[in-house]
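Q: I have a structure to discuss and would like to go through it piece by piece. Could you look at it with me?

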Amino acid sequence: MKYLLALVAAGFLSAQSNPSWWKYTSPDSTAIVGIQWKTMRATLFAPLIAAEMAPGGSLGFPNLEVIRNPDQILIGGPGMLAVEYGTFPAAKLRAQAAGAGMKRTTFKSVEIWVSPEADVHSVALLNEKLLLVGELDAIEEAVARVADGKKRSYSPLMARAARYSKEDLWVVTTALPDPLASLFVPFEIEANGFEGSISAWNGLHAVASIERASAAKALDFADTLAETLASRPAMAEGTEITTKDRAVLIRLDLDDDQLASSLRRTPTAPGTVTVAASAPVHPV
């Protein structure tokens with residue numbers, strides 16, 4: 001148990017710097033999600049994440065092929081402003097955006113393609129390595145804030161987010177449920193805070209910290225999660241759960257065989273806790 005706490009604490013407390021392009025994330029963000037799409041798109045979670053980014057998905061991305069395969073994505077909410085880092089040829093973006101009926105405008109010399117549909121976000125071409133995808137007001141606020149050094153500020157979550165900058169997929173949020181974080185977090189509970197990450201290479205590996213309203217509620221959730229895992233021996237064997245004050249700490253390490261076994265099983269008595277690898281609906 002102490003070994004688990006040491007491992008989780010080391011991951012949560014280690015200092016990391018965040019990439020400079022993260023500065024476009026709103027300082028008002030109460031949830032931040034990071035995706036290393038360059039690696040995640042070859043994993044079992046790829047279809048789930050791609051569906052959220054596809055037309056009609058919860059993230060409201062426009063139907064542009066050029067924006068679907070960035071190297072990395074950072075999403076802040078509420079507002080769900082996404083920052084994409086990758087390779088985005090300007091000519092290709094312009095042709096696809098015009099073909100989709102989007103209208104070109106500029107703001108502080110930044111080219112923006114505005115969607116005519118209320119539930120589809122606009123796209124700003126900062127340069128051929130960096131895009132913003134979101135509502136026009138959110139894009140303009142981000143561009144103006146970054147352009148004015150005196151107005152630059154950062155979400156209090158950013159320091160926590162930086163600890164996971166190298167992880168495949170991660171979420172930090174001030175509370176659950178949350179409109180953005182809940183798209184990626186499999187726990188249908190109320191929490192005063194959540195942070196966690198996953199890696200889907202050579203099996204499935206994850207760490208998470210969930211802060212409940214009290215130590216008693218933390219114990220209750222830990223017990224409920226353990227009971228849910230009991231129907232999945234392979235997953236239960238690879239999962240360590242403990243509590244520390246109001247926090248529930250989880251570490252999951254499944255090799256390929258354990259993961260395959262977990263995916264084949266169907267829970268006989270589903271409860272209110274959804275487990276990530278059980279016919280996954282959410283990836284963290």
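Q: Let us take α4 first: which residues are on the face turned away from its buried side?
A: Ala-91, Ala-95 and Gly-99, which are exposed (over 50% relative accessible area), sit on that face of α4. This is a predicted model, where local features need pLDDT of at least 70, side-chain atom pairs count only at pLDDT 80 or more, and totals for chains, interfaces and linings use all residues. Residues are numbered from 1 along each chain as its sequence is written, and side-chain values use heavy atoms, with hydrogens and water left out.

Q: And which residues of α4 are buried?
A: Helix α4 (residues 90–99) has Ala-90, Leu-93 and Ala-97 buried, meaning under 20% relative accessible area with a 1.4 Å probe, protein chains only. Helices are DSSP runs of H or I of at least four residues, and strands are E runs of at least two, numbered from the N terminus.

Q: Why do they line one face of the helix?
A: Seen down the axis of α4, the buried residues fall within an arc of 65°, so they line one face. The arc is taken over the directions from the helix axis to the C-beta atoms.

Q: What covers them?
A: The cover includes β5 (110–114), β6 (122–127) and β7 (130–134).

Q: Changing topic, is Ser-197 buried or exposed?
A: Ser-197 counts as buried, at 5% relative accessibility. Its place is in strand β9 (residues 193–199).

Q: Which residues does Ser-197 touch?
A: Leaving aside residues up to four places away in sequence, Ser-197 touches Tyr-164, Glu-167, Leu-169, Trp-170, His-205, Ala-206 and Val-207. Contact means heavy atoms within 4.5 Å.
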